[in-house]
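Hi,

Here is the structure I promised to pass on. Have a look at it first, and my notes follow below.

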Amino acid sequence: MRFKAEIMDEKAMNRAITRMAHEIIEKNKEVSDVVLVGIKRRGYPLAQRIGREIFNIEGELVPIGAVDITFYRDDLKEAYKDPRVHKEELDFDVNDKIVVLVDDVIYTGRTARAAMEALIHHGRPQKIQLAVLVDRGHRELPIRPDYVGKNVPTSKSEIIAVEVVEIDGINRVTINEM
C-alpha cells in the first residue's frame, strides 16, 4: 500500500463528529429513544465520541454499545478461515429504540447489512439509522447512510484508512493506493 493523501486530520474528524451529533439530534427531535451502536472495531470509539457530543449539546446520556459482525458477514468462509470474535458490548435493550449504527467507512454496504442482521438478533428496534465518518461510494447493496462525516469519491484501487487514537494512537483519515 502506498500513501496518497491525508483527507481528514484530528480537527476535521472532530468537526465531522460534532456535525453528525447535531444531525442525529435534529433528525430524531430528541434523544430519549436514541442508542448508539458502534460496529467493531473503529465504529465503537466513533460512537463513543458522538455520544459525548450529544451529551455536550443536550445534557443527556445516550446508551452506547458495540456489535461484532464477524459471524454475520456474507464472506465469512472466504475472508475468515479462523475468525477472531470481539466481545460484544450491547448491555441494553434495543427493542423500540432508534438505533444509530456507527462505522468508520462505508464502501459496498455489506458491513452495514451484517451489522443490521447482528443488531436484529438482539431485538426489534423502532428504527435503524446509519452514521459513517467516510462514505467512499461503490455500493453493492441498496444501503445509504443517514449521517456522513465526509464523502470521498474513490477508485476501487484506493483504500480509505481511518485511524483513531483509541486503537491506532492517532486521529486521521488517509487515502492510499493498493
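Before the notes, one definition: two strands pair if DSSP finds at least two bridges between them. Helices (H or I, at least four residues) and strands (E, at least two) are DSSP runs, numbered from the N terminus.

Keep in mind that this is a predicted model, where local features need pLDDT of at least 70 and side-chain atom pairs count only at pLDDT 80 or more, while totals for chains, interfaces and linings use all residues. Residues are numbered from 1 along each chain as its sequence is written, and side-chain values use heavy atoms, with hydrogens and water left out.

Now the strands. S7 and strand S8 (residues 172-177) run antiparallel and are joined by six bridges; Val 162 has Val 173 in S8 as its bridge partner. They belong to an open, antiparallel sheet of three strands, ordered S1-S8-S7. S1 (2-8) and S7 (158-163) are the edge strands with a single partner each, so one side of each has no neighbour in the sheet. From one strand to the next, the twist averages 25°. Helix H1 (residues 10-28) packs on this sheet and touches S1, S7 and S8 (contact means heavy atoms within 4.5 Å), its direction making about 50° with that of S1. For such angles, axes are lines fitted to C-alpha atoms, for helices over the stretch in contact, and angles run from 0 to 180 degrees between N-to-C directions.

Elsewhere, strand S2 (residues 34-39) runs parallel to strand S3 (residues 64-67), with four bridges between them. Ile 39 stands opposite Val 67 in S3.

Then the salt bridges (a side-chain nitrogen of Lys or Arg within 4 Å of a carboxyl oxygen of Asp or Glu): the whole structure has eleven. One of them joins Asp 146 and Lys 27, with the closest N and O atoms 3.1 Å apart. This pair links distant parts of the chain, 119 residues apart: Asp 146 is in the loop between strand S5 (127-135) and strand S6 (147-151), and Lys 27 is in helix H1. Asp 146 is partly exposed at 33% relative accessibility, and Lys 27 is partly exposed at 44% (buried means under 20% relative accessible area, exposed over 50%, partly exposed in between, with a 1.4 Å probe and protein chains only).

Another salt bridge pairs Glu 140 with Arg 110, the closest N and O atoms being 2.7 Å apart. Glu 140 sits in the loop between S5 and S6, and Arg 110 in helix H4 (residues 110-122).

Cheers
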